[in-house]
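Colleague: I would like to learn how to read a strand inside a sheet. Can you walk me through a case?

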Amino acid sequence: MGRWAMRSRWNARKAVRAGTDSALDVLHPLLVLGRGAHRLAGWGLAWWTRTPRERRGPTLFAVAACGVLLWLLPYGPMLMGLGLLGTTAWYGRQSAAGPDGSRAAPTAVERARLQALYEALVPYFALEGDPHPEPLYAYDGGWERAFEEFVFRDGRISGLLLRYPPSFRDGELAARLRVERLLAAKTGRGREYRFCWDEECNLLEMTALEPLPTRIHAQPFVTAPGETVLGFTDGCEIHRTVPVHFLGEPAPRDVPPVMWRTGPRSTEQHLLAVGTPGSGTSSLLRSLALQALGRGEVLIVDGDGGGEFASFAARHGVLGVETTLPGALTALEWAARETERRLLSAGRARQRGENVPEDVRRPLWVLVDRPAALTHLARTEGRTDPQELLRMPLRHGRAAGVTVAVAEQFEGAEELGDAVLTFTRARVVLGAVSPEQVGGVLGEAPQTGPPLGVPPGRGFARLGHGPVLRLQVPATPDPQDETAGEAERNAVRELLPEPVRGPGPGPAQDRGGSGQSADVQLPAPPAGRAT
């Protein structure tokens, strides 16, 4: 995907460059006159600013008098017009130091940086005993033949298009990663780069990326039915934007989202998020839960049992927040029966030529955090593996309107069952992990690497067989977490549904407000329609 995108961008740049050169040749006189008029206007404005007020009037009177005299003379207007045209063209001519429409020549410092980068690439691209009389990469060579394009920003290389020899093993991930690490280190640490390899043309494009926004908090996003915002990414990959409010900014800004689509026509109905400790996988599930509660019902299983989802307990639309192994088994057994009931109800309605019932069309979300811990407890106690109970919702969830989202850490990723790994086609990786780890989860290594000091919620996402996208999950902390920012916690509180019970004290509220998770009894399936 990246190779084809790079080739199209490379061909587009060549076509645009050729078209621009042709247009500049045709419009060169007009450009000269426009540039001269701009310089004369700037000179006049500067003169007007620095001239004292008592001298402006007499000077304008003298200029106007000269203009009247020229107007009265024979051929005066024509001579005045020719003089003004010649003056404009003179000031609009290209100076030796000015820009000429093409890429400016690099300075001595920039040439030194390019040469140092070229010499660092020689051990990776040079072929020992190369019979070519002028090899592309040699210890006594220059960068001019190898580097097709380059861009400097603030004295650092921010863009580079280089040509490498056909002998380089660009099909091996390890070889590509060695070159990418070298380029990132030599062009400036602390930034994130995108690398696009074109194996057919032997081209490598490197672009320094702007950091993704981290001041986006939980909020109602503008989405269509069946769409859920996983986070936000670069505008070069996503051409759609949504208005988003940033912390401390009154007006919203348009940001490209990573949109996850679920429903009967979705090809990525279920999601798997894997991350490092503190990377934000639980925050991602909280963000999904808040968005799902606007259109459906949510069942939450907290395998870690740390009370990360206690604020959702006993609220409208939340069927349960289970933290113990018996409660999780009961909840997932009910989810499997509910999935089967929905399938039978939808099938019978279609056989009778009727619309699918409303309770079947209403989305049901099953969010499971840290299932590996529950699997370990179930194996110790000799009970059913909770992940096996997810097989029915995972296999038939798209037809039944059931969506499953699973979050796990890399330490417990080996405990994930075959059903979870097989049916979760939407994947997310969070945290500072290596490209090999990202590729093991997403099925394809990213074209970018995480920078130093990865913020929470930062990672990569891939939907099905699509491209690997950079991802920044909106800040959705636990409202009871005192270490999180007060503004982010208030944003989550405002999105939580109303409690099921009134404002008076109750057992469910007491458990939810204590920072511990609460188990809420699940509603039984409708009588006569469950199997």
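Modeller: Start with the pairing. This model is predicted. Strand S10 (residues 297–302) and S12 run parallel, joined by six bridges.

Colleague: Which residue stands opposite Leu-364 of S12 on that side?

Modeller: Glu-297 does.

Colleague: Which other strand do six bridges join to S12?

Modeller: Strand S13, residues 402–409, and this pair also runs parallel. Here the bridge partner of Leu-364 is Val-402. Leu-364 therefore has Glu-297 opposite it and Val-402 as its partner in S13, with strands counted as paired from at least two bridges.

Colleague: How do I read the two faces of a strand?

Modeller: Side chains in a regular strand alternate between the two faces of the sheet. Now take S12. Leu-364, Val-366 and Val-368 lie on one side, and Trp-365, Leu-367 and Asp-369 on the other. Both sides are covered.

Colleague: How many residues of S12 are buried?

Modeller: Six of its six. For the protein, 44% of the 531 residues count as buried.

Colleague: What follows S12?

Modeller: A loop between S12 (364–369) and helix H10 (371–381), where Arg-370 sits. Arg-370 is not a glycine, yet its phi is positive, near 60°.

Colleague: Which loop holds Asn-202?

Modeller: The one between strand S3 (192–198) and strand S4 (203–209). Asn-202 is not a glycine either, and its phi is positive, about 55°.

Colleague: Is Asn-202 buried or exposed?

Modeller: Buried, because its relative accessibility is 15% and the cut-off is under 20%.

Colleague: How many helices and strands are there in the protein?

Modeller: 16 helices and 16 strands.

Methods: Residues are numbered from 1 along each chain as its sequence is written. This is a predicted model: local features need pLDDT of at least 70, side-chain atom pairs count only at pLDDT 80 or more; totals for chains, interfaces and linings use all residues. Side-chain values use heavy atoms; hydrogens and water are left out. Helices (H or I, at least four residues) and strands (E, at least two) are DSSP runs, numbered from the N terminus. Buried means under 20% relative accessible area, exposed over 50%, partly exposed in between (1.4 Å probe, protein chains only).
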